Each structure stands twice: as C-alpha cells, then as structure tokens.
Amino acid sequence: MTVPGRRQARLQDQIQAEVAEMIELELKDPRIGFATVTHVDLSPDLHSAYVWVSVEGEEEVQQDALEGLASATGYLRHELSLRLRLRRVPE
C-alpha cells in the first residue's frame, strides 16, 4: 500500500467528514439507522473512493442499512460535487 500524497489525504479527510455529516443529518431513509463512516480510501488518480461504513445492529439491519446507503450514492455524489467543488467527484 502506498502512502497517499497531501492532496489525496486531504480529499480523503474532506470526503469522510462530508459523507458522515450527510448520513447523520440529511439522509431520511429509515433503513439506514445508525451508520458511522470509519474510513475513506481514495485511488491515486482520484477517480474512485471506497467509503468504509460501520452499522450497528443485527445482520438483517446491517444489510438494510447498506442497501439504503447504496440507493443514496447518487445524492451523496451530487452533494459532494457541490460542497467540494471538484471537477470530477470520485465514484
């Protein structure tokens, strides 16, 4: 695993903070429940991001929360583009 550059590390931190705030305050999907963003891995070319999420509850509740988050990816990407003002928002 390579050590991220300063821009990549800064973007990872910004994406983690923004996505955590959106999940906590803006997403109204009842399936999501209590989800916490634990880490963000950003590819070196900044085209894809892997967001690691921790969900409290039983297996079924966790699966429902992940489905709710998956259905909200379009909204999350759109909001990230507005908040971070990037030319291309990581997928």
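**Close-up views of a predicted model**

**View 1. Glu79 in its helix.** Glu79 is placed in helix α3. The model shown here and in the other views is predicted. With a relative accessible area of 16%, Glu79 is buried, because the cut-off for buried is under 20%. Leaving aside residues up to four places away in sequence, Glu79 touches Met22 and Glu26.

**View 2. The salt bridge between Glu79 and Arg83.** The closest N and O atoms of Glu79 and Arg83 are 3.6 Å apart, and the pair forms a salt bridge. Both residues lie in helix α3, four residues apart, so about one helical turn separates them. A single network of salt bridges with shared partners joins Glu18, Glu21, Glu26, Glu79 and Arg83. Arg83 is partly exposed, at 27% relative accessible area.

View 3. Glu18 and Arg83 form a salt bridge through their side chains, at 2.8 Å from N to O. Glu18 belongs to helix α1 and Arg83 to helix α3, so this pair ties together parts 65 residues apart in sequence.

**View 4. The salt bridge between Arg31 and Asp29.** In this pair the closest N and O atoms are 2.8 Å apart. Arg31 is partly exposed, with a relative accessible area of 34%, and Asp29 is partly exposed at 22%. The model has five salt bridges by the rule used.

**View 5. The largest nonpolar core.** This core has 22 residues, and Ile15, Val19, Ile23, Leu27 and Leu80 have the most contacts inside it. Two or more residues come from each of α1, β1, β2, α2 and α3. Helix α1 gives the most, with five residues. Not counting residues up to four places away in sequence, Ile23 touches Ile32, Ala35, Val37 and Leu69.

Technical notes:
Residues are numbered from 1 along each chain as its sequence is written. This is a predicted model: local features need pLDDT of at least 70, side-chain atom pairs count only at pLDDT 80 or more; totals for chains, interfaces and linings use all residues. Side-chain values use heavy atoms; hydrogens and water are left out. A nonpolar core is a set of buried Ala, Val, Leu, Ile, Met, Phe, Trp, Tyr and Cys residues joined through side-chain atoms within 4.5 Å. Buried means under 20% relative accessible area, exposed over 50%, partly exposed in between (1.4 Å probe, protein chains only). Contact means heavy atoms within 4.5 Å. A salt bridge is a side-chain nitrogen of Lys or Arg within 4 Å of a carboxyl oxygen of Asp or Glu.
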